[in-house]
Structure formats: C-alpha cells, structure tokens
Amino acid sequence: MSEGHADWTVSDSVGLSAVVNCSARAVESDRPDRLIDDPLAARFVHAVRIRTTLPTQVDELGRAGAAGAMVASRFGGIRARVMDDFLLAANAAGVDQAVIFSPGFDTRAYRLDWSSGTDFYEVEQPGLLDLKDKVLREARAEPRCARHVVGVDPRRDEWEFSLRSAGFDATRPTAWVAEGILLYLSAQGEADLFTAIHKLSAPGSRLAMQYMPADLIHWFAEHTALTDTTETLGADIGSVNWNTEPRQAAPARLKAAGWEVRLDSVMDRGLGLGVSLHEEFSAVGDDAGIEFPVSDEPDGFLFGSLPR
C-alpha cells in the first residue's frame, strides 16, 4: 500500500486537516448540547501555529471566516460521537484491542471509559505523534487504557509490521477505526488496507469508517464549502491529495471477504443523536448549505463485523 508520502508537517494537507478537525472537536465540546467532551482539543489547536486562528469555542466561530463556517458544522461532532459509540460498544462486548488509523489529535485513549486490559493502538505519522505527546505531557494527561503509538504513516506498507512490533495481537478480536483515511488512498492502497485488516482480524473483530464513493469525493473537493475554507487557511485542507480513482466499493469488498456489513447515513445518525444536518447539507438555494448530488452508491458510516 505504499503511497510515497512524506512525513507529517502542519503545512501539508493531512496535517492541516488534523488541526481543523481538532478545532471542530474543541468547538463541539464547548456547546451546551455537545455530543462529545474533548477537554484537550483546544490545547492542540493552540499548540499548532497556522496562518489562520482557528476557533476553539462557539463564540469564536464568526471571527474565523470560512474556516470557522466549516468548524461550525455539527458533522465533526456527529462523526466523533459515532466512532466513540462504536468503540465503546465493541469494548463492552469484550473486544479489548482497538486500532485507529490517522487519529490526528483525537484523545480517545484519554477521554473514553475503557475496560481493564484494553490495548489501544494509534497508527499515525511520527511528527504528529511527537507534537501530540508533547502536549499530552504538558497537560499531565493520563490514558485510561494501555495506549500504544505506532509512528508510521498508515498510507505506507510498513504500518502492518510496525503495528505488530508495537505489541498488536492478531489472535485477539480487534475494533478498527478509519474515520477519514479512505479519502487519501489510491485504489490499490485501499485494496491493500482492507486486505491487511482482514488478515489481522480474528473472529469477532469489528470495523467502522466514514465512507464516500469516489464520485462524491470528487464533487465535494470542488465545492465552495471546501475551496473557501482552503482560501481562508492559505493551504489546501485535503482535496489536492484526495483520490478519486475507480475502485471496488468498500461495502462490497468487505462482504466478499465474509464480513457482515451495515451502512448508516450521516443524516440518520445525526437525527438519532438529536442533531439535524438538513440546514447544513441539504439547504437548496442557501449558499451555506450543501445539496449532495445523487450517487450510484450510498455514503455514510460503514460498519463491519467478522462472525465468530
């Protein structure tokens, strides 16, 4: 799955996206009806210096221009909460080994209540992990599980070797999380990722990820909601490196490998959490809204489970 990427810096699209997503979690944590509580998120935003001052509180949103408008979306909170709930449900069912690809500055090892004996692996670029660990040390934060950092770009082939070297046990059921990594993978890279996950998954393993078909990724990359944010930030937050090569649909790939698959829409999961995204993502005639095109494939949150 080698994609030939350089190590993380805040100036590259992946690094900048990590900071923007962290800003969204900080703002979500400041809402009175918050879906997540990430008290460390604001520390990371303040520790990373970029040209634009990103908000960490609700009352700062209006001063951040287009970047603030994107952070104001409740989508970030919904996605984080969906993945949180997935991990906690798997953990409660006895899956006490978890792997998350490209977690950025998220702090699930610190903010979620894990069962005793849980091992949590973060597969992330070394430079980002170095800064993340520095901020965590300064905050004197203590993880609530056995946290293992795997300092390798998850878009590279060597993540599997590095994960095993960090103590990962392929005989234990695993909860896999990939919130946004599929956007950046080539067709072959995505195929290799799923092949490796399946090979490393013992019966009873589970998987959760954000899933968008290639045509929708291409459409969204050119939407003003993203291009305006890129202009405000002074750097592209991802669309330059998003990959829209034709590929086998992820749900079909998992089913073919023997996984039980479910795909939930973002809208439905938001409504289930008491948050409507209709005004943000379906407001016809409203420049602030995004009316998604009709796609041949469904998109949303993809869940898989490997029967015992």
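Arg81 and Asp85 sit four residues apart, about one turn of the helix, and both belong to helix H4 (residues 75–92). Helices here are DSSP runs of H or I with at least four residues, strands are runs of E with at least two, and both are numbered from the N terminus. The two side chains form a salt bridge, with their closest N and O atoms 3.1 Å apart. The term salt bridge is used when a side-chain nitrogen of Lys or Arg is within 4 Å of a carboxyl oxygen of Asp or Glu.

How open are these two residues? Arg81 counts as partly exposed because its relative accessibility is 26%, and Asp85 counts as partly exposed at 27%. (Buried means under 20% relative accessible area, exposed means over 50%, and partly exposed is in between, using a 1.4 Å probe and protein chains only.)

## About the model

This is a predicted model, in which local features need pLDDT of at least 70 and side-chain atom pairs count only at pLDDT 80 or more, while totals for chains, interfaces and linings use all residues. Residues are numbered from 1 along each chain as its sequence is written, and side-chain values use heavy atoms, leaving out hydrogens and water.

## Pairs that link separate parts

Side chains of opposite charge can pair when their charged atoms come close. A search of the whole structure finds 26 salt bridges. One of them joins Arg111 to Asp84, whose closest N and O atoms are 2.6 Å apart. Arg111 lies in helix H5 (residues 108–111) and Asp84 in helix H4, so this pair ties together parts that are 27 residues apart in sequence. Both Arg111 and Asp84 are buried.

Which strands does the salt bridge between Arg147 and Glu122 link? Arg147 is in strand E3 (residues 146–151) and Glu122 in strand E2 (residues 119–124), 25 residues apart, making this a link between distant parts of the chain. Their side chains meet at 3.0 Å, N to O. Arg147 counts as buried because its relative accessibility is 19%, and Glu122 counts as buried at 1%.

## A network and one of its members

Salt bridges also link Arg25, Asp38, Arg79, Asp84, Asp106, Arg108, Arg111 and Glu179 in a network. Let's look at Arg108, which lies in helix H5. Arg108 counts as buried because its relative accessibility is 1%.

Leaving aside neighbours within four places in sequence, Arg108 is in contact (heavy atoms within 4.5 Å) with Ala80, Met83, Asp84, Leu87, Ile100, Trp114, Phe120 and Glu179.
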